[in-house]
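Follow the chain with the model open beside you. The paragraphs below move from single residues to the whole fold.

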Amino acid sequence: PFLVSIVKPMSSDIKWEWLDDGGWIEYDAETTRIIETAYAAQQKTVVLNNGFFRAQGGYEIDFRRMTQKKKRTGFDRRVRRSGPAPGTRPSPARAQQLEQEFAKYKDPDSPPEAATIGPEGIELLCRDMGIDPADPVIFVVAQKMEAEKMYIFTKKEFMKGFEALGLSSPSQIRQALPQLRRVLEEMPLFTPLYRYVFKYSCEPGKRTLPVDVAVGIWRLLLLPKFPRLMERFLEYLQHARVPQVSLDLWNTLLAFLQADHGANFSTYDTSGAWPNVLDEFVEWCRKPAEATPAAAH
């Protein structure tokens, strides 16, 4: 048992999450404190018997495997942690190094009290990380920073991202790239990233993406995974002149691409909860090729 009441105040930057079918879900404050206390004490496991977890018969978190197991069924789900190393704050030397690194990339025209890294700085940042600016792994880095605007990193986001990665400079990301690319390759990790990218890419106050922006991102994230179907879908978007992409279409497209719809969509469920754009895409794909009209004489 852990005496939560005597634990020192915990950093608000520390976050523990478990992977639900629809993405990462953050634990409540009490559970986060229990998990972090065990993690900081270098326990191998911790049992959750508070609140919801007690009603479900208890769960056990294995820190070596980073999984959460339901004790009644033995069913596992992944867990993850983000934030400063347990029981520590960035050392003054490390914090100063990150300050200096940020200064290399910040927009000289941004105000000192709200300094940001803009597109030119991000391009330089990518070069120092050893990646092309069009490499989709930059979305993983942005996700680690919890960046809110595309092509903009605030100082807080920059510092938070590198702390979460446990790194002190962009050049160190070169060694971490294989691990970061796992997020692009493994669907349980990719799905939360994909959902994050929509909000990250939207203009402030907007709830839809211009179709050209969405298509550019889909070419980076989805086309390599589903080349044949995505090529057809992108062709359809151009044919139908769809102007905007909603959050609903963005999220359900990934599920649509993973589903088995049969040859020529023979088993596609038209009564399902798919967005109209996908229904219309399926109908478009089912139509026989129109005869090419004879050339005029």
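Start at Ala240, a residue of helix H10. Helices (H or I, at least four residues) and strands (E, at least two) are DSSP runs, numbered from the N terminus. Ala240 is partly exposed, at 33% relative accessibility. Buried means under 20% relative accessible area, exposed over 50%, and partly exposed in between (1.4 Å probe, protein chains only). Ala240 and Trp284 are 44 residues apart in sequence, yet their C-alpha atoms lie 9.6 Å apart in space.

A word on the source. This is a predicted model, in which local features need pLDDT of at least 70, side-chain atom pairs count only at pLDDT 80 or more, and totals for chains, interfaces and linings use all residues. Residues are numbered from 1 along each chain as its sequence is written, and side-chain values use heavy atoms, with hydrogens and water left out.

Now step past the helix. Arg241 sits in the loop between helix H10 (227–240) and strand E10 (244–246). Its phi is near 55°, a positive value in a residue other than glycine. Arg241 counts as exposed because its relative accessibility is 73%. Phe265 also has a positive phi without being glycine, near 60°. Phe265 lies in the loop between helix H11 (247–258) and helix H12 (276–286). Is Phe265 buried or exposed? Phe265 is buried, since its relative accessible area is 9%.

Helix H11 also holds Leu253. Leu253 is buried, with a relative accessible area of 0%. Which residues does Leu253 contact, leaving aside neighbours within four places in sequence? They are Tyr194, Trp218, Leu222, Met230, Phe233 and Leu278. Contact means heavy atoms within 4.5 Å. Take Met230 from that list. Met230 in turn touches Trp218, Leu222, Leu223, Leu253 and Leu257, not counting residues up to four places away in sequence.

These contacts lead to the nonpolar core. A nonpolar core is a set of buried Ala, Val, Leu, Ile, Met, Phe, Trp, Tyr and Cys residues joined through side-chain atoms within 4.5 Å. The largest one has 72 residues. Phe158, Trp218, Leu222, Met230, Leu237, Trp250 and Leu253 touch the most other members. Helix H8 (residues 187–201) gives this core its largest share, eight residues. A second, separate core has 13 residues, including Tyr27, Ile34, Ile35 and Val46.

Stay with helix H8 for a moment. Pro188 lies in this helix. Pro188 is partly exposed, with a relative accessible area of 44%. Not counting residues up to four places away in sequence, Pro188 touches Leu19 and Trp24. The C-alpha atoms of Pro188 and Trp24 are separated by 9.3 Å, although the two are 164 residues apart along the chain.

Next, the largest pocket. A pocket is found on a 1 Å grid over the protein atoms alone: it is an open set of points where a 1.4 Å probe fits, with protein on both sides within 12 Å along at least five of seven lines, and lining residues have an atom within 4 Å of a point. About 1,600 Å³ of space lies in the largest pocket. Its lining has 46 residues, and Glu17, Arg80, Ser82, Gln143 and Lys144 lie nearest the centre. By class, the lining has 21 nonpolar, seven polar and 18 charged residues. Elements that each supply at least two lining residues include strand E1 (15–20), strand E6 (76–82), helix H5 (137–145) and H8.

Glu146 follows H5, and its phi is positive, near 55°.

Finally, zoom out. The protein chain has 12 helices and 10 strands. Of its 297 residues, 42% are buried. Of the contacts with a separation of 6 or more, 57% are between residues 24 or more positions apart. The accessible surface comes to about 17,300 Å², with 51% belonging to carbon and sulfur atoms. Accessible areas come from the Shrake-Rupley method with a 1.4 Å probe.

How values were computed: Grid points are joined across faces, edges and corners, and a volume is the space filled by probe spheres set on the points. Ala, Val, Leu, Ile, Met, Phe, Trp, Tyr, Cys and Pro count as nonpolar, Asp, Glu, Lys and Arg as charged, and the others, Gly among them, as polar.
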